[in-house]
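Dear colleague,

I am passing on the structure we discussed. Please look it over, then read the notes below it.

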Amino acid sequence: MSAKSGIGIEELLALISENLKLKSIEVTLLIPYTESEKAAKLHTIGTVLEQEYKENGTFMKVRLASEQLEDFEKFII
């Protein structure tokens, strides 16, 4: 890899991206409107892949770090 010429940069970025995916998890959640602060937090700490407002709460597909999953386990569907 050469920082000066940029050779190998694409490979490095691909490796970093793959490593980050290994440490994250994709989950589907249904968060009640009474806990909307949790849904808002996901926009900050994770990657929201899909979001839809349903009758009984906010349906979300998100990718987040596996160590952050504990806070959202009760919302997994």
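Asp 71 is partly exposed, with a relative accessible area of 39%. Please keep in mind throughout that this is a predicted model.

Salt bridges

Asp 71 forms a salt bridge with Lys 41, and the closest N and O atoms of the two are 3.7 Å apart. This pair links distant parts of the chain, since Asp 71 is in the segment after E3 and Lys 41 is in helix H2 (residues 36-45), 30 residues apart. Lys 41 counts as partly exposed, at 36% relative accessibility.

A search of the whole structure gives four salt bridges. Another of them joins Glu 26 and Arg 63, with 3.3 Å between the closest N and O atoms. Glu 26 belongs to strand E1 (residues 24-31) and Arg 63 to strand E3, so this pair ties together parts that are 37 residues apart in sequence. Both ends are partly exposed: Glu 26 has 49% relative accessibility, and Arg 63 has a relative accessible area of 29%.

Glu 52 and Lys 54 also form a salt bridge, the closest N and O atoms being 3.3 Å apart. Glu 52 counts as partly exposed at 36% relative accessibility, and Lys 54 is partly exposed with a relative accessible area of 37%.

Rings

Lys 54 has a second contact to record: it lies over the face of Phe 59, at 5.5 Å from the ring centre. As for aromatic pairs, a search of the whole structure finds zero.

The loop between E2 and E3

Glu 55 lies in the loop between strand E2 (47-54) and strand E3 (57-65). Is Glu 55 buried or exposed? With a relative accessible area of 82%, Glu 55 is exposed, because the cut-off for that class is over 50%. The C-alpha atoms of Glu 55 and Tyr 33 are separated by 9.3 Å, and the two residues are 22 residues apart along the chain.

Surface patch

Leu 12, Leu 13 and Ile 16 make up a nonpolar patch on the surface, and together they have about 240 Å² of accessible area. Ile 16 is located in helix H1 (residues 9-22). At 42% relative accessibility, Ile 16 counts as partly exposed.

Regards

Note on methods: Residues numbered from 1 in each chain as written. Predicted model: local features only at pLDDT ≥ 70, side-chain atom pairs only at ≥ 80, totals over all residues. Heavy atoms only, no water. Patch = residues over 30% accessible without salt bridge, like charges linked within 9 Å, V, L, I, M, F, W, Y side chains within 5 Å. Areas by Shrake-Rupley, 256 points an atom, 1.4 Å probe, with all protein chains shown as cover. Salt bridge = Lys/Arg side-chain N within 4 Å of Asp/Glu carboxyl O. Helix = DSSP H or I, 4+ residues; strand = E, 2+ residues; numbered from the N terminus. Buried < 20%, exposed > 50% of the residue type's maximum accessible area, 1.4 Å probe, protein only. Phe/Tyr/Trp six-rings, centres within 6.5 Å; stacked < 30°, edge-to-face > 60°. Lys NZ or Arg CZ within 6 Å of the ring centre and 35° of its normal.
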